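Here is a briefing on the fold. Please keep the sequence and the model open while reading.

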Amino acid sequence: MKNKYILSTLIILLTFTFSFAQDDGISSSTDKKYDKLSYIETTKELLKLVEKGNKTPEVYKKLANSYYFNTQMEDASKWYGELFKLDAVVEYEYYYRYAMSLKAIGDYENANVNMRKFATYKPEDSRAILFSKSPNYLEAIEALSGDFELENLDINSRFSDFGTSFYKDGIVFASSRGEGKLYKWNEQPFLDLYYSVNETDDVKVFSPKLNTKFHESSTSFTQDGNTIYFTRNNYFQGKVKKSDEKVNGLKIFKAEFIHGAWTNLVSMPFNNNQYNVAHPALSLDETKLYFASDMPGTHGKSDIYYVDILEDGTYGEPVNLGGDINTEGRENFPYISNNGTLYFSSDGHQGLGGLDIFMTKLDDVNHEVVNLGKPLNSSRDDFEFIIDEFSNTGYLTSNRYNGKGDDDIYKFTRTFCTQLISGTTVNKLTNVIIPYASVVVINEKGVEVQNLTSDQNGAFSYEGPCNKQKYNIIASKDGYIQADQTFLVNPKKKEDVVLKLNLTPETTKPAEVGMDLVEVLDLNPIYFDFDKSNIRPDAEVELWKVINYMRKYPSVRIDVQSHTDSRATDDYNWALSNRRNVSTKQYIIQEGGIAADRLEGRGYGETMLVNRCSNGVKCTEDEHDWNRRSNFIIINR
């Protein structure tokens, strides 16, 4: 069996095709057409074999693959289904492809069945890991959906139109609407670059000099518009070059606009005949060029890389963006917006089907990858996303249902949903309004997003985005103990949040020895995640109440007591509780500036459970949660 990785500028996917050496009843002529990616001709010949009774696994594999790689997912799902009915031994990747083709037709239930099989057979695969971590991914995507309006543009033809770039007062895109030689993959003309100013059908050829008889697509321009990076087949200076496997791959080229013409065409130094380099995207400061490639060292079928653009005009070595962003699937079409956000397309991260559009903050060390949700994403391929973050408009390409052609360009406008969070600060004992209290809004990551002061009537308000996220709001004022409340902003309900923050008057002296600050300060329990000893963001809020109390009363000393639930062995839980104890005290000392000699304490493991959840007792996660706690006992006033 021979493997090939081919990056097509038509459907813009890195594909994984197979050639089989055994006698499967498939003629050598059909095999050659399959290997040369002539999928339309291949499907016609394979369907004839099926009609004649040749229903071997190899016939079904090639038939399903031919439809799959041509994004004809209804037919692909049908023939993958027939393949699995044979109960034949297949490569595990077929479970993944079957799942993706089922997603494309909206059959998420059966898609998830096959993803679970794929995850069972290949648990180490990043796509399996992501699925196992978030089996309810559809609910998460639904929560992220909305806030965008889409419009199918008049520039679209019945052919493939995709890959927009901002250029001067218009857009540049690729299209197969031209005349000339047909591409055997889908029997459409080869791609050329076009330009439109007003997004109507007044479309012009971008540059007769840059367009050739081969594919050109995926452009990126410097801000002055005088330098272009673009993707083209491996064709340069009138010569076609192929890999050792006789594949004419893709390369990135650069040209300059001088005296009214595109000139100085050069091939990027990191191009190579043996692999594909495509889809260039400049960083905002134009010091980095991002792109997709299947070069050696790639995590999956295509990864996103970047190279540094050096001051002398040369380029650094390609750098892979790593496993947080790249998967064993396809990551491509990077775009860096004017606020430094990386947008890209992937079928390896959890999505609705085909390629979905994702985002991540490049300055975020964790590189959290977020699906942009509906309507930007669909059950089909959604890619080539670009946006002007200031005007909140941009473009994407999709082959979703009810389009005008093969791939269509859509313009989108981002609309912002906001929810009002309001309330009053009052005395908990007397219910009398407390004016001019400090009110702080903290998100679920522990980051302060707003600092307010209630007015003379104790009223406060904050208008925040409709993102499904837990927030903690804290009120404080001299002479009162902090009050706080946790709430969830739900974008589906879009309901305003009304709170009442009850501040308790402080006593004039510290609480009595032996009292627990959990009760004295009305603390929310300091919970720990299962089998973890790190401080959670919600716990940080509570620990700051302890810190502020110890700052107010510098003679107070505290015994910190840490506990676990009953799961795991007694010895393990004893060690875990002591790790939790150390992390709790370290936070108070390092973050709060409290002297170490004012804190004592140790872990107690599972020896002081607060409910029935002892060894062998079946309990809910919430019930176990109550036992993963810390107490703060006053041992000196």
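Helices (H or I, at least four residues) and strands (E, at least two) are DSSP runs, numbered from the N terminus. The model is predicted: local features need pLDDT of at least 70, side-chain atom pairs count only at pLDDT 80 or more, and totals for chains, interfaces and linings use all residues. Residues are numbered from 1 along each chain as its sequence is written, and side-chain values use heavy atoms, with hydrogens and water left out.

**Backbone exceptions**

- Most residues other than glycine have a negative phi, and most peptide bonds are trans.
- Lys 374 to Pro 375 is a cis peptide bond, with omega near 0 degrees.
- Pro 375 sits in the loop between strand S23 (370-371) and strand S24 (382-388).
- His 279 is not a glycine, yet its phi is positive, about 60 degrees.
- Strand S16 (residues 277-282) holds His 279.

**Helix packing**

- Axes are lines fitted to C-alpha atoms, for helices over the stretch in contact, and angles run from 0 to 180 degrees between N-to-C directions.
- The axes of helix H1 (residues 28-35) and helix H2 (residues 39-51) come within 8 Å and cross at roughly 145 degrees.
- H1 and H2 cross in the left-handed sense; a crossing is left-handed if the near helix is turned anticlockwise from the far one by less than a right angle, and right-handed if clockwise.
- Thr 30, Lys 33 and Tyr 34 of H1 touch Tyr 39, Glu 41, Thr 42, Glu 45 and Leu 46 of H2, where contact means heavy atoms within 4.5 Å.
- Three nonpolar, two polar and three charged residues make up the contact of H1 with H2.
- Ala, Val, Leu, Ile, Met, Phe, Trp, Tyr, Cys and Pro count as nonpolar, Asp, Glu, Lys and Arg as charged, and the others, Gly among them, as polar.
- H2 also meets helix H3 (residues 57-69): their axes come within 9 Å and cross at roughly 145 degrees.
- The crossing of H2 and H3 is left-handed.
- On the H2 side, the contact residues include Leu 46, Leu 47 and Val 50; on the H3 side, they include Val 59, Leu 63 and Phe 69.
- The contact of H2 with H3 has 10 nonpolar, three polar and one charged residue.

**Sheets**

- Strands of a sheet pair through backbone hydrogen bonds, either parallel or antiparallel.
- Two strands pair if DSSP finds at least two bridges between them.
- S11 (residues 227-233) and S14 (residues 250-258) run antiparallel and are joined by seven bridges.
- Arg 232 has Lys 251 in S14 as its bridge partner.
- Another open sheet has four strands in the order S29-S28-S31-S33, with antiparallel pairing.
- S29 (448-453) and S33 (483-489) are at its edges with a single partner strand each, so one side of each is left without a neighbour in the sheet.
- The twist in this sheet averages 20 degrees from one strand to the next.
- Five bridges pair S28 (residues 438-443) with S29 in the antiparallel sense.
- Val 439 has Leu 452 in S29 as its bridge partner.

**Cavities**

- On a 1 Å grid over the protein atoms alone, a cavity is a set of points where a 1.4 Å probe fits but cannot get out; lining residues have an atom within 4 Å of a point.
- Grid points are joined across faces, edges and corners, and a volume is the space filled by probe spheres set on the points.
- Three cavities of 30 Å³ or more are counted by this rule.
- The second largest cavity has a volume of about 40 Å³.
- Its lining is Tyr 96, Met 100, Lys 103, Met 115, Asp 347, Gly 348, His 349 and Gln 350.
- Helix H5 (residues 93-104) gives the largest share of that lining, three residues.
- By class, the lining of the second largest cavity has three nonpolar, three polar and two charged residues.

Notes:
On a 1 Å grid over the protein atoms alone, a cavity is a set of points where a 1.4 Å probe fits but cannot get out, and a pocket is an open set with protein on both sides within 12 Å along at least five of seven lines; lining residues have an atom within 4 Å of a point.
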